[in-house]
Amino acid sequence: MFRLRTLIAFHTLSIMTASAAADRVEPGFSELAAALDAVADAIGTLGPDDVSPFVAALQQHANRVSAVMRRATEVAIRLEVPKRSGYRSAAAWLAANTGTRRAVAQERCRQVSALEQLPALRRAADAGLVHDEQLGGIARCYEAAPEAFDEVADREFTEQAVNDTPYALARALQAWRQLHVPARRAARSTMSAIKRPDGTVHGTFEFVGSDAPLFVALTEGHIGRSLRAKRDGDASLQDLDVDHLRARALLDLLDAATRRPLGRRPTAPDRYRVCLQVDPTGRLGDAPPEAMCDASFFRLVMDADSEPLDIGRTSNVWTDAQRRAVAQRDRSCRFGGCDLPASWCDVHHIVPWDAGGRTDVTNGVLLCRHHHVFVHANGWRYEAGTFIPPEGALVGRRQVAWPPAA
């Protein structure tokens, strides 16, 4: 009974303490909200010469808000609030309570940890003189080699963050890492991938040195093209965010590397080889529907004990001459708004091959890998020079004559 009374008293005291703290904090939040409303109302009165200093001052105040958030996170970690709330990490707790992504929350927690050892940077951050991007770059350097990041480095990088351009600070931090970090860890690009039981693949990657700008250069152009197509109404991209587009860009680059350019000698390996597995009952094994359009097929007949009986002979569905003719006519992917060149495309059967469609030029049209998968997965059809969804709504701005004139 005494223990129960003690717990009740402690719980009541906690509620009263929390209520008292809320009473102290609430006026500050009310004043902050009123100040923000006043600043927002004043924006419309700014002249051409007032906007630049206004934006600079507003950013400094935003930096101070970030500093207060870091201090609140620091207090939560010290009081073990995440653990008491049932979270496995401070980042998970912060992400849940702020609505930010886990990666953003993890970055903020790393900044909190680093600032405990970087007094000069902390003073500048609390004053709003350093924004999160600058602070994060300095904190990552500290984490990479804490024993080499002394008071001089803390002071000099803080002064550069306050007084110099972000690009100059980034170059200085990169030079510092090259001087101190390689002795601890060899700089090399890495990628890990694990295939899960459900067939999905999970992994992480890190590109360093010259590999990083190469990866950005190869993928960003592809992502930009997809974003423009999404803005113009490409139905296959409406539910995809930037992370999905980045994964799609990487897959498209890998897929393009497997393609056999037209005109290469016949002994070159096929771009795709699809095994049609036939058991004694005559049923075909699983194969992606888009692979049926544009691949080399070979037959594999199995007996009741799954032993191969006959692998048949390879036959090319679309010949090089047919692919060359379709590529010459279509030039690029024919899905509305997509301009990926023919070298990135498959030849799609307009009337499906398994539904009796002929494998000839008049029954073929170019589709990039992404749109080829999308068309088969969603049942779109090609009529009068455009792709039409099952409900019949026209999508795409380009109209091509079909069949082509002789």
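Me: Which residues does Ser226 touch, leaving out those up to four places away in sequence?
Reply: This is a predicted model, where local features need pLDDT of at least 70, side-chain atom pairs count only at pLDDT 80 or more, and totals for chains, interfaces and linings use all residues. Residues are numbered from 1 along each chain as its sequence is written, and side-chain values use heavy atoms, with hydrogens and water left out. Contact here means heavy atoms within 4.5 Å. On that basis, Ser226 touches Leu237, Leu245 and Arg248.

Me: Is Ser226 buried or exposed, and what is its relative accessible area?
Reply: Ser226 sits in helix α10, residues 211-231. (Helices are DSSP runs of H or I with at least four residues, strands are runs of E with at least two, and both are numbered from the N terminus.) Buried means under 20% relative accessible area, exposed over 50%, and partly exposed in between, using a 1.4 Å probe and protein chains only. So Ser226 counts as buried, at 4%.

Me: How many of the six residues of strand β1 are buried?
Reply: Strand β1 covers residues 190-195 and lies largely in the open. That's because the number of its residues that are buried is zero.

Me: Which residue of β2 stands opposite Ile194?
Reply: Strands pair if DSSP finds at least two bridges between them. Six bridges join β1 to β2 (residues 201-206), and the two run antiparallel. Across from Ile194 you'll find His202.

Me: Which residue in the turn of the β1 and β2 hairpin has a positive phi?
Reply: The hairpin has five residues between its strands. The one with a positive phi, about 95°, is Gly199.
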